[in-house]
Structure formats: C-alpha cells, structure tokens
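Morning, everyone. I have one structure to show you today.

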Amino acid sequence: MTVQEAKFEYLLRLGDSSLIIGHRLSEWCGHGPILEEDIALINIALDFVGNATSILGYAGQVEGKGRDEDDLAFMRGEREYRNLLITEQPNGDYANTIARQFLFDTYMFFLYEELKSSKDETIAAIAVKSHKEITYHLRHTSEWMLRLCDGTTESHERLQNGLNDLWMFTSEMFDMDEEDTLLIREGIAPDLNKVKASWEKRVHEVLAEATLQIPTTTFKQKGSKEGKHSEHLGFLLAEMQYVHRAYPGAKW
C-alpha cells in the first residue's frame, strides 16, 4: 500500500464520519426540544457538512481519478462508506442524541487537536479551522449532559440508557490498522492511543460530574473500516443521495 492510497482511505474515514453525523443532526430540524436548541443543532450539522466538504474534496484530489466531494458523497454505496458506526445510529430521543454527540464530539476534539500538527499541510489547515468549531460542539454537548442529569429522574435515566446503548460503538474510534500505521510513521495521522487516553479522561470527568455510570458492557461493535455497517446507513444514504442521483449533473 502506498502513502497516497492510505491517505485517501484515511480521508474517507474522516470525511464520511462528519458527513453522516451532520445528516443525522439535520434530521432534528423543526423537531428540537426548544427553538434555540433547534437552531443550535442545525448550525452544528452545517459545521460537520462543511468539514466533510473540505475533507472529501481533498480526498478526491488525492485519489486523482476526477471525483470531487459531491461524487464521493452521493455516488458511493454503503459498503464504500467508511464512517464510524456511532455516527449512523438513529437519533432516538433527545437524550440519546446528546449522549451520541458527547461521545463523538469528545473524540473529534482530541483527534483534530492532534491533526493540527499533521505533516500534510492541507489536513493540518482543515484541522485548525474545524477544531475551533469542534470546541464549541463539545462545550455544547457537555453542558447538555449536565443539564439533562440535573433535570428530572426521567431525563437522567434516558441519558444513562443512551450511554448504555451507544457504548459498544466507542472502541471502534481507536482501532488502528495498516493505513493508520503507515500514516503515523509518515507524520500525517496521530497515534489513536494518545487520542483514546485524552478521550477517556474527559468522558470520565463529565460522567462523574453528571452522576452517570460508565457502562460496563465489554461488547465491541466495529467494521466500518471494511465497509461493514449497521442496517441504518442504507436508509440514511437512500434519503441523502436521492436528489443528486435522480437529477445527475443538475446545477442549483
């Protein structure tokens, strides 16, 4: 495997995760618990889609086959997607969405903090810009973790249930394979063991403050790096890709 091939695969993992979580958050448009939060979630969704646009655009350049960010977003099937499984999980109730976002935002915060030092100048530049947005995302979801836990017995219980259901997807964030090893050696990608240590510290601190229990499940759900996904991704892509596929080449 060449560095170019590994970098393309790595960029798909980054871009696809941002695109899919952005689409999931967009589903809250008009359904947020309060107007202010409805707007906040959609702005966060736009940040993720913007991040995906930059990364997938660069991925197309690295691949060198004439595909741009739209081709990569709308013309690939689910087995070609490399997004983390946690990003494609349904929103559920609002507490479930907050639990998912907190776990993912914490991962993104420390991952992109490391990517700012990437020897690939384009990746580093994207990371610098995106990390400013991710800092807000993490602060937002951390505050909502505490608000829901300090709310009612039901809100606390719903948030704990969300964590319990999603915890099995978290270990996948830190799995490393041949592509990671090659890019770490080249100084392009960070060692995910370092990201994991920071992630665990922050997550445990917030859960302790929120009086939430760290889930005890040891089951690990993974497979996204091989294009293996849950049943949810196919339905999501069918909705997200429909207009582009129905009117190929259309200009807006």
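**Around the largest cavity**

Let me start inside. Helix α1 and helix α5, residues 94-115, each supply at least two residues of the lining of the largest cavity. Keep in mind that this is a predicted model.

Which helix gives the largest share of that lining? Helix α1 does, with four residues.

Now the cavity itself. Its volume is about 160 Å³. In total, 15 residues line the largest cavity. Nearest its centre lie R13, L14, L84, Y107 and K225. What classes of residue make up the lining? Eight are nonpolar, two are polar and five are charged.

How many cavities of 30 Å³ or more does the structure hold? Four. A word on how such spaces are found. A probe the size of a water molecule is rolled over the atoms, and that shows where empty space is left.

Back to R13, one of the residues nearest the centre of the largest cavity. Which side chain does R13 meet in a salt bridge? The side chain of E9, at 3.7 Å from N to O. Look at the spacing along the chain. R13 and E9 are four residues apart in helix α1, so about one helical turn separates them. Across the whole structure, a search finds 16 salt bridges.

Next, follow α1 to a helix partner. Helix α1 covers residues 3-26, and it packs with helix α10, residues 231-246. Their axes are 11 Å apart. The angle between the two is about 75 degrees. Angles of 65 to 115 degrees count as roughly perpendicular, so α1 is roughly perpendicular to α10.

Which residues make the contact? From α1, they are L19, I20, H23 and R24. From α10, they are H232, L233, L236, L237, E239 and M240. Sort the residues of this contact by class, and you get six nonpolar, two polar and two charged.

To recap, α1 gives four residues to the lining of the largest cavity. Helix α1 also holds the R13 and E9 pair. And α1 packs with α10.

Definitions and conventions. Residues numbered from 1 in each chain as written. Predicted model: local features only at pLDDT ≥ 70, side-chain atom pairs only at ≥ 80, totals over all residues. Heavy atoms only, no water. Axes fitted to C-alpha atoms, helices over the stretch in contact; angles between N-to-C directions. Parallel < 35°, antiparallel > 145°, perpendicular 65-115°, else oblique. Contact = heavy atoms within 4.5 Å. Nonpolar A, V, L, I, M, F, W, Y, C, P; charged D, E, K, R; others polar. 1 Å grid on protein atoms, 1.4 Å probe; cavity = no way out; pocket = protein on both sides within 12 Å on 5 of 7 lines; lining within 4 Å. Points joined across faces, edges and corners; volume = space filled by probe spheres on them. Salt bridge = Lys/Arg side-chain N within 4 Å of Asp/Glu carboxyl O.
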